[in-house]
Amino acid sequence: MQVPTPLHLKSSTQDIKNRFNNDVERFSNLETGQQTTIDAAYNLDLITEGIVQCHPQLSEVLDLGCGAGNFSLKLALQQPGFNSTLVDLSEPMLLKAKERMTGVLNGNITTIQSDIRALDLPGNYFDTIIATAVLHHLRDDEDWQMVFSKIHRWLKPGGSVWIFDLITHDNPQLNHFLYNNKYGNYLSALKDDHYKNAVFEYIDKEDSPRSLSFQTSLLKQVGFSSVEILHKHLCFASFVGFK
Ligand SMILES: C[S@@+](CC[C@H](N)C(=O)[O-])C[C@H]1O[C@@H](n2cnc3c(N)ncnc32)[C@H](O)[C@@H]1O
């Protein structure tokens, strides 16, 4: 098994920002979502429909690492009455997300260009927080602990956080099987082996995902009263925590 790149040698926040500044179109497709992500479109529907069902009186929604706004846009198409706060490192992503939501959403759109780790928002304010394909950019345990605690603090009582992301598995053999073998086959079938290797190289350089059990335990540890798995397929999972 290949030794993963240590955290301190992975892409810097500036590297990540530069890369996403030049990748806006790839994250702007509502029909497919992001194609390297397994079941992207399915989870886009599952999470946005789940939010509508769980929060019929939705008024404030925070989208962390919103990218070009796929999840917030899909939510606004179903329930256009909320105020949206969009956060991303990348200004071109925020501009695209705002442009796509303008005319669909009836509420206000606030954009904040920031690293989630540096973000300061009011407590007990949001009904729902969306964090899709972004938390895998967090690095050490302190990052994860701090960000999950903030998410909990920013939510109103009864509020919810909806996460969909690349995950690891704590058992190395299982991780190798589900990630290298099975997800590898998925990527090769999407294009070819060269493409698979390029995606794996990029993930190793840029991302530091954590297991589902690490994340669900941490959600409970920081105060979420219930945590539910929505969907898991190989190394991608969606789950929700209620404050
Ligand atoms: C893979 S895209 C996902 C976009 C969107 N959430 C989606 O699911 O379509 C990740 C986004 O997170 C942003 N991002 C990465 N690290 C971040 C951080 N530390 N703080 C804020 N945004 C971040 C990137 O700029 C990028 O737009």
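This is a predicted model: local features need pLDDT of at least 70, side-chain atom pairs count only at pLDDT 80 or more; totals for chains, interfaces and linings use all residues.

Reader: How do you know that the radius of gyration agrees with a compact globule?

Author: A compact globule of 243 residues would come out near 18 Å, and the protein chain has 17 Å, so the two agree. The C-alpha atoms fill a box of roughly 50 × 35 × 30 Å along the principal axes.

Reader: What makes a residue count as buried, and what share of the protein chain is buried?

Author: The cut-off is under 20% relative accessible area. Buried residues make up 53% of the 243 in the protein chain.

Reader: Which residues have the most contacts inside the largest nonpolar core?

Author: Leu75, Phe82, Met101 and Tyr183, in a core of 36 residues. Elements that each supply at least two residues of this core include helix 3 (70–78), helix 6 (172–190) and strand 5 (155–166). There's also a second, separate core of 29 residues, with Leu64, Leu138, Leu212 and Val227 among them.

Reader: What makes Phe82 a contact of Leu75?

Author: Contact means heavy atoms within 4.5 Å, and Phe82 is on the list for Leu75, leaving aside neighbours within four places in sequence. Thr48, Ile51 and Ile130 are also among the contacts of Leu75.

Reader: And how far apart are the mean positions of the positive and negative charges?

Author: They are 1 Å apart, for 21 positive and 28 negative charges.

Technical notes
Residues are numbered from 1 along each chain as its sequence is written. Side-chain values use heavy atoms; hydrogens and water are left out. The radius of gyration is taken over C-alpha atoms; the globule rule is 2.2 Å times the number of residues to the power 0.38. Buried means under 20% relative accessible area, exposed over 50%, partly exposed in between (1.4 Å probe, protein chains only). Lys and Arg count as positive and Asp and Glu as negative; His and the chain ends are not counted. The place of a charge is taken as NZ of Lys, CZ of Arg, CG of Asp or CD of Glu. A nonpolar core is a set of buried Ala, Val, Leu, Ile, Met, Phe, Trp, Tyr and Cys residues joined through side-chain atoms within 4.5 Å. Helices (H or I, at least four residues) and strands (E, at least two) are DSSP runs, numbered from the N terminus.
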